[in-house]
Amino acid sequence: MPGGKRIELCSSGDVAPGTALKVEIDDLALAVFNVDGEFFVTDDLCTHGPGSLSEGYIEDDVVECNFHNGQFNIRTGEVVSPPCMVPGKTYAVTVVDGKVTVEV
Ligand code: FES
C-alpha cells in the first residue's frame, strides 16, 4: 500500500475476547478489540465527543460509548445507535507472530 506503514500495537494475548485495550502510539489513540478471537482496531475517541471506546461496553461486535451510550459496529465503524452520527475510523488489522498490527 503506497505510503502505508505497519505499526505494532500489542500482543494478541494482551486483549482477552470480549474486551478492548487502548493503545497510544505516535499521535494515534487506538482501541484494539478482540471479538471472539478476531482483532479489530478503531480510533479510541468516539466521533461524538470525549468518550473512549476502549472503555465502552462491548457486546459481540458492537461497542457502546460510555459517555452518551452511542453504539458503533466494531468491524466496520458504522453507527449502530445514536447520538453519534459519524462512523468511527477502522484500520486494517493483521496479526503477525502473535502481534496485533495495523496499517496507518
Ligand atoms: S461521546 Fe460517545 S456517544 Fe457521545
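The structure is a predicted model, in which local features need pLDDT of at least 70 and side-chain atom pairs count only at pLDDT 80 or more, while totals for chains, interfaces and linings use all residues. Residues are numbered from 1 along each chain as its sequence is written, and side-chain values use heavy atoms, with hydrogens and water left out.

## Overall fold

The protein chain contains zero helices and 11 strands. Helices (H or I, at least four residues) and strands (E, at least two) are DSSP runs, numbered from the N terminus. The pattern along the sequence is accordingly β-β-β-β-β-β-β-β-β-β-β. The radius of gyration, taken over C-alpha atoms, is compared here with a globule rule of 2.2 Å times the number of residues to the power 0.38. For the protein chain the radius is 13 Å, close to the 13 Å that the rule gives for 104 residues, so the chain is as compact as a globular protein of that length. Its C-alpha trace spans about 35 × 30 × 20 Å along the principal axes.

Burial is expressed as relative accessible area: buried means under 20%, exposed over 50%, and partly exposed in between (1.4 Å probe, protein chains only). Of the 104 residues of the protein chain, 38% count as buried. The chain exposes about 5,600 Å², and carbon and sulfur atoms supply 50% of that area. Accessible areas come from the Shrake-Rupley method with a 1.4 Å probe; for residues, only the protein chains shown count as cover.

A contact means heavy atoms within 4.5 Å. Among contacts in the protein chain between residues at least 6 apart in sequence, 36% join residues at least 24 apart.

## Nonpolar cores

A nonpolar core is a set of buried Ala, Val, Leu, Ile, Met, Phe, Trp, Tyr and Cys residues joined through side-chain atoms within 4.5 Å. The largest such core has 13 residues, and those with the most contacts inside it are F33, L53, I58, V63, F72 and I74. Strand β3 gives the most to this core, with three residues. Leaving out residues up to four places away in sequence, V63 touches F33, L53, G56, Y57, I58, G70, Q71, F72 and I74. A second, separate core of 12 residues includes I7, L9, V15 and Y91.

T42, in strand β4 (residues 38-43), counts as buried because its relative accessibility is 5%. Beyond its neighbours within four places in sequence, the contacts of T42 are L30, A31, F33, L53, I74, K89, T90 and Y91.

## Salt bridges

Side chains of opposite charge can pair when their charged atoms come close. A salt bridge is a side-chain nitrogen of Lys or Arg within 4 Å of a carboxyl oxygen of Asp or Glu. The structure holds five salt bridges, among them the pairs in the table.

| Salt bridge | N to O distance |
|---|---|
| K5 and D26 | 3.2 Å |
| K22 and D44 | 3.7 Å |
| R75 and E38 | 3.4 Å |

The pair of K5 and D26 links distant parts of the chain, with K5 in the segment before β1 (6-11) and D26 in the loop between β2 (20-25) and β3 (28-35), 21 residues apart. K5 is partly exposed at 42% relative accessibility, whereas D26 is exposed at 57%.

In the pair of D44 and K22, D44 lies in the loop between β4 and β5 (57-59) and K22 in strand β2, so the bridge ties together parts that are 22 residues apart in sequence. Their C-alpha atoms are 6.7 Å apart in space. D44 is buried at 3% relative accessibility, while K22 is partly exposed at 39%. Setting aside neighbours within four places in sequence, K22 contacts A29, L30, D44, S52 and S54.

The pair of R75 and E38 joins the loop between β7 (71-73) and β8 (79-81), which holds R75, to strand β4, which holds E38, across 37 residues. Salt bridges that share partners join E38, D61 and R75 into one network. R75 is partly exposed at 36% relative accessibility, as is E38 at 40%.

## Cysteines

A disulfide is a pair of cysteine sulfur atoms within 2.5 Å, and a search of the whole structure finds zero of them. C84 is in no disulfide, and the nearest cysteine sulfur, that of C46, is 5.0 Å away. C84 is buried, with a relative accessible area of 1%; C10 is buried as well, at 7%.
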